[in-house]
Amino acid sequence: MMESRRIALIVNGARHEAETPVRQHLGDFLRGTLGLTGTHLGCEHGVCGACTVLVDGRAVRACLMLAVQADGREVTTVEGMGTEDALHPLQAAFCAHHGLQCGFCTPGMLTTLAEFLEVHPDPTAAEVRIAISGNLCRCTGYDSIVTAALEAARAMRDARA
Amino acid sequence: MTDALAPVKERPALARGPGKVVGHAVTRIEDGPLVRGEGLFAADVNFPRQLHMRMVRAELAHARILAVSTDAARAMPGVVAIWTAEDVADIPLIPFRATKVRGLEPYCQPVLARDRMRYVGEPVAVVFADDPYRAEDAAELVVVEAEELSVLLDATAPLGEFSPGQDTEPTIVRKAYGEIDAAFRDAHAVVELELSVGRHSGVPLETRGAIARYDAAHDVLELHGTAKKQHWNRDEIARLLGRPPQGVHLFEGHVGGGFGVRGELYPEDLLVCAAALRLRRPVKWIEDRREHLVATNHSREQHHRIRAAVDAEGRLLGIDDVFFHDQGAYVRTHGARVVDLAAGMLPGPYRLPAYRVAGHFRLTNKTPSATYRAPGRFETTFVRERLMDAIAARLGLDRVEVRRRNLVSAAEMPHARPLDALGTEIVLDSGDYEGLLDKALSRFGWNALQGELAARRAAGECVGAGLAFFVEKSGLGPSDGVRVSVDANGAVELVSGAASVGQGVETALAQICAEALGVDYARIRVVRGRTDRIEFGNGAHASRVTVMSGSATWEAALAVRAMALDTAATLLQLRPSDLTIRDGEVCRADGLPGPSLALAEVARRMGPNSPAMRGRTPGLTAEKWFWSDHMAYPYGVHLVLVRIDRGTGQVVAERYLVANDIGRAINPMLVEGQIVGGLAQGLGGALLEEFRYDPSGQPLSTTFADYLIPTIAEMPAADVLIAEDAPSPLNPLGVKGAGEGGTNGVGAAIAAAVDDALLRPGAVTALPVVPATVRRLLDTLA
Amino acid sequence: MKAAPFAYHDPRSIDEALHLLATLENPRLLAGGQSLMPMLNMRVAFPDHVIDLNRVEGLEGVTEQDGALRIGAMTRQRDLEEHPLTRARLPLMTEALTFVGHWQTRNRGTIGGSLCNLDPSAELVAVAAALDAVLEVRGPAGARELSIHDFPEGLMTPALAPEEMLTAIRLPFWPAGHGYCFAEFARRHGDYAIVSAAALLMLEGGRVTRVSITLGGVGAGPLRLREAEAMLLGAVPSAEAIRGAAAHCERIEAMSDPQAPAWYRRRLAATLMRRALEKALARAGGAA
């Protein structure tokens with residue numbers, strides 16, 4: 001019963017083909033098989049949100065998906081936000097507003113907010129708060145994350161204008 | 001260094017350098033890799049051929065171990081080795097750090113349980129396999145045969161037997177001064193309370209991890225994924241495994257929060273090290289969340305029976321406290337520190353002529369306990385401030401007024417208490433307590449709030465406000481050192497014995513270095529948590545880094561500056577006093593045009609091949625050590641407005657102010673981050689978080705569904721007032737630590753506010769305040 | 001916390017899924033994974049076979065037919081939340097969905113998965129009961145239907161034979177303008193409800209012409225308060241009448257655990273029910 005499957009998927013715009021044990025969850029696949037350690041595992045039971053990645057544009061908990069379920073899908077992790085030369089506006093805003101301390105929850109916050117701002121480009125602070133209510137942070141007390149998110153939203157709207 | 005005990009009548013001139021970056025909310029140099037997902041947390045560390053370690057943990061709270069069968073587990077694919085206690089019999093019990101308390105040694109924990117298991121989660125056996133999934137498969141097949149013993153789960157209950165000849169109370173920490181019995185005899189009134197704080201802990205978002213690797217080519221044992229206390233841990237690991245300290249190196253990458261619980265020496269750290277040495281392959285262990293909640297240090301659980309004697313004006317004549325500290329199953333690396341801290345810090349900011357405390361340090365069949373942010377202070381601020389509120393209620397005094405009458409005044413600073421904590425005498429170094437209280441009340445709008453509360457109550461709401469005054473401790477010595485160097489390219493490197501727990505230590509130290517040296521802080525490389533880069537260090541805990549390593553940085557950077565100016569002066573044919581350093585260039589101090597010299601050039605001229613360095617130690621580098629015999633005492637006030645939903649009993653914190661004097665803020669943005677983050681954790685302890693056990697000692701808070709960490713939805717509107725009115729006279733920067741003030745007073749303030757909302761002083765006697773309890777209280781009050 | 005080994009199957013049709021369900025030993029169906037994956041990771045569930053429904057055709061979608069919304073079992077909670085038909089026809093469900101887990105869990109979680117998991121606190125189960133949902137089930141013997149009220153057999157045990165699976169849910173909707181409210185109490189936002197209350201009502205001429213009152217979190221399955229409903233039917237929904245209806249909650253049998261003992265659940269039920277009825281009334285256009 002140590003079954004494996006070969007899967008093919010797009011991660012951060014690049015195509016990957018790899019073998020995975022069927023019981024391996026997507027978080028371990030990204031971190032271990034693909035070496036993308038930016039996605040962090042905080043609980044492995046779907047509560048903390050640190051492992052959040054985008055699958056076909058939707059924020060999901062990577063610990064609650066089997067890697068085989070991502071076959072044929074497009075996955076975006078924190079490493080896929082921004083470019084070599086420029087940070088994503090969310091990443092830049094987090095730096096500017098002290099939206100992180102230890103940085104462990106940060107990748108999950110960023111991917112969650114990335115989808116959220118796609119869908120709600122002009123949110124209120126209250127809406128941002130609901131958006132990240134499924135992401136635990138033990139360091140910041142959250143206020144600076146909300147500030148950073150609103151700043152990023154503004155920057156992204158300005159860039160589109 | 002200033003004379004620590006001379007009274008400070010005027011505000012000392014704060015050391016200011018040419019760099020102009022200290023005191024500014026500059027962005028952090030740590031952030032780049034972290035926002036890109038390029039961090040190096042323990043789970044991100046990998047070595048070729050590594051094995052994965054998986055613990056087999058006790059499933060009974062107290063039992064005699066009869067047999068551990070590993071045959072079925074050994075047969076599983078990928079398994080390389082399985083150890084039980086016999087395999088590690090040569091590794092001694094895990095020690096504790098130096099403490100005056102005697103008699104704790106028999107209560108220390110073995111790396112694997114020997115004849116008895118004493119708490120659910122205790123390591124009993126360990127599996128090494130080629131993959132973490134397979135290691136867990138094998139661990140499931142290890143069978144532990146055990147005979148249940150009776151469990152002890154209450155630290156106030158009669159003592160049990162730890163082992164033949166040893167009961168479950170390793171020590172009682174006693175402190176006393178003044179005429180306590182006379183105080184109670186002559187008192188106008190005596191107030192008595194019985195209070196308890198629930199078991200909770202740091203629970204960082206990153207679980208623990210340890211990766212050991214034996215570099216045979218250099219005969220060095222490496223341990224990666226460490227935090228907090230590398231040098232002491234290195235020395236102990238070396239000693240316990242029979243290696244010389246120089247043959248053990250500890251490395252720190254990124255750390256996903258510490259809060260006191262990460263970075264102590266645990267069984268798993270020793271096991272990965274021993275395994276790397278014996279199995280001759282790197283060994284990686286990453287704790288999972290369920291393990292974390294039963295295996296990583298718990299904290300806070302104390303039960304106090306406290307009495308205060310007061311005069312007719314509500315002034316304290318004496319406090320007498322007996323408390324029971326639930327240490328869990330073993331003594332860990334802190335010894336009896338938390339009890340010692342609690343006993344020493346309980347008086348807080350108040351004048352106290354007489355005091356007696358007996359802290360019963362007791363073992364139970366629960367996860368072992370140690371320090372967690374504001375250890376001993378979250379608990380005793382709760383207890384002491386409840387006492388002050390009770391005194392106010394008894395004498396019909398306003399809650400603020402009773403504090404005014406008791407606060408040590410600015411004129412009395414420094415104020416020595418005939419007490420010690422952590423081996424240092426308690427001397428409140430500086431502070432204008434009443435001044436900050438006034439600022440805080442004004443900022444929060446306390447007086448106007450009373451009217452608002454009355455109006456809201458008249459409209460049917462259940463609302464109340466609470467306050468708590470706290471004193472923190474920081475800057476624990478005895479020392480720390482920093483080496484600052486400038487290389488031939490002008491790059492500045494700062495190597496410190498400090499560690500990180502994610503709080504921004506690099507940025508703070510870089511700012512201090514930049515301020516003194518005159519360079520761009522963002523170009524300074526800060527090295528911390530590396531025993532191979534600096535021989536000694538005392539790590540990151542007790543809010544000490546900015547004070548200790550910060551002061552050492554200041555002195556080292558000033559020394560480098562002086563060396564650079566000396567050398568440049570000769571080259572530029574000016575006097576050192578005519579020069580300054582701006583943006584890494586040595587130039588005229590008066591701003592007039594003239595020749596300048598890049599620090600890079602100065603460093604080159606000071607290299608080992610330079611004839612000018614003949615007879616001297618080459619390099620533009622200096623190492624300085626900062627020593628301190630006394631701690632610095634930040635202080636402040638917590639103020640909160642709560643609303644209680646009568647139907648559900650839910651307590652909602654609407655608005656919160658933390659006012660905290662920290663002497664001097666190196667980076668106000670980082671300080672605010674510490675305070676708000678600390679507040680969130682304090683709120684968890686006040687309202688949500690608790691490690692509960694069933695009557696047989698089975699833990700009930702084993703996942704994040706049961707152990708409730710505050711999400712953003714639980715946070716109040718938080719305001720932070722950072723004050724710098726009372727710089728510490730004990731270090732050149734005037735800083736006090738800022739790591740724990742946000743947490744310290746939350747339990748006390750929330751309890752006070754709930755009492756106020758219920759219009760019933762003394763209603764809250766235990767934390768956390770849970771909705772069902774409030775609902776009950778509302779019923780009984782109706 | 002890694003799952004124990006299992007064999008993995010990803011059928012493409014309902015027939016294929018049913019065939020696997022009937023022929024494999026110790027199988028589990030994997031829907032959104034938000035309940036099953038934690039159980040697998042924690043090794044409290046250890047099926048030999050996992051049958052993944054995420055690629056099965058014909059299990060998703062929302063359609064309107066004969067006065068009901070027919071929702072495929074694999075319809076994602078997030079899609080339900082945003083679907084114009086749900087918003088138009090089932091405002092109770094739309095409101096309840098904001099309490100179901102978090103944004104990220106709703107992106108994967110399904111309505112069928114939640115119903116079959118039958119957690120006593122699950123909001124969607126309570127909503128289904130409030131609306132008198134009809135469940136469409138398929139097995140080797142063919143298709144059948146059953147009422148949501150007959151679905152919970154015991155704690156987290158649906159009335160499904162081992163070879164059966166839920167394929168769709170039909171929710172008869174209430175006429176436009178009906179009053180609705182979903183209220184719950186949880187320790188933190190997004191946590192499973194300790195107790196939840198769902199109220200639906202219709203008014204005509206100042207009187208209640210139709211009413212549905214459901215409690216979640218008090219027993220293995222949701223509890224329809226028929227007595228309270230009977231009390232309100234035909235009555236003028238005054239504050240007193242609502243209090244009277246809510247008071248029925250004080251007499252129910254409720255689950256108990258150290259964190260939320262039975263007496264507390266009853267209190268919560270009464271409070272939440274009163275609030276839900278008041279809100280539903282306001283939305284129906286008549287304030288008490």
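Predicted model: local features only at pLDDT ≥ 70, side-chain atom pairs only at ≥ 80, totals over all residues.
**Stop 1**

**Stop 1: the domains of chain B**

Next, colour chain B by domain. Domain 1 takes in 3-39 and 476-627, domain 2 covers 42-151 and 208-286, and domain 3 is made of 302-408, 426-474 and 631-781. Keep domains 2 and 3 of chain B on screen: their centres, taken over C-alpha atoms, are 36 Å apart.

Look at where these two domains touch. Here 31 residues of domain 2 of chain B are in contact with 25 residues of domain 3 of chain B. The area buried between domain 2 and domain 3 of chain B is about 2,100 Å², with 56% of it from carbon and sulfur atoms. Select B:Tyr107, B:Tyr119 and B:Phe259: these three supply 26% of the area that domain 2 of chain B buries against domain 3, more than any other three residues. How many salt bridges does the rule find across the interface of domain 2 and domain 3 of chain B? The count is 0.

**Stop 2: the largest cavity**

Time to look inside. The structure holds 11 cavities of 30 Å³ or more, and the largest has about 720 Å³ of space. To find this largest cavity, select B:Gln503, B:Ser543, B:Arg544, B:Gln674 and B:Gly739, the closest to its centre among its 45 lining residues. Then show helices H8 (337-345), H13 (505-517), H14 (545-572) and H16 (668-688) of chain B, the elements that each give two or more residues to the lining. The lining of the largest cavity has 20 nonpolar, 15 polar and 10 charged residues.

**Stop 3: the second largest cavity**

Finish at the second largest cavity, with about 130 Å³ of space. Of its 17 lining residues, B:Gly225, B:Thr226, B:Gly263, B:Glu264 and B:Asp269 lie nearest the centre. Strands S11 (209-215) and S12 (220-224) and helix H5 (230-241) of chain B each supply at least two residues of this lining. By type, the lining of the second largest cavity divides into 7 nonpolar, 6 polar and 4 charged residues.

Conventions
Residues numbered from 1 in each chain as written. Chains lettered and ligands numbered in written order. Heavy atoms only, no water. 1 Å grid on protein atoms, 1.4 Å probe; cavity = no way out; pocket = protein on both sides within 12 Å on 5 of 7 lines; lining within 4 Å. Points joined across faces, edges and corners; volume = space filled by probe spheres on them. Helix = DSSP H or I, 4+ residues; strand = E, 2+ residues; numbered from the N terminus. Nonpolar A, V, L, I, M, F, W, Y, C, P; charged D, E, K, R; others polar. Domains from an automatic or database assignment. Contact = heavy atoms within 4.5 Å. Buried area = accessible area lost by both parts, 1.4 Å probe. Salt bridge = Lys/Arg side-chain N within 4 Å of Asp/Glu carboxyl O.
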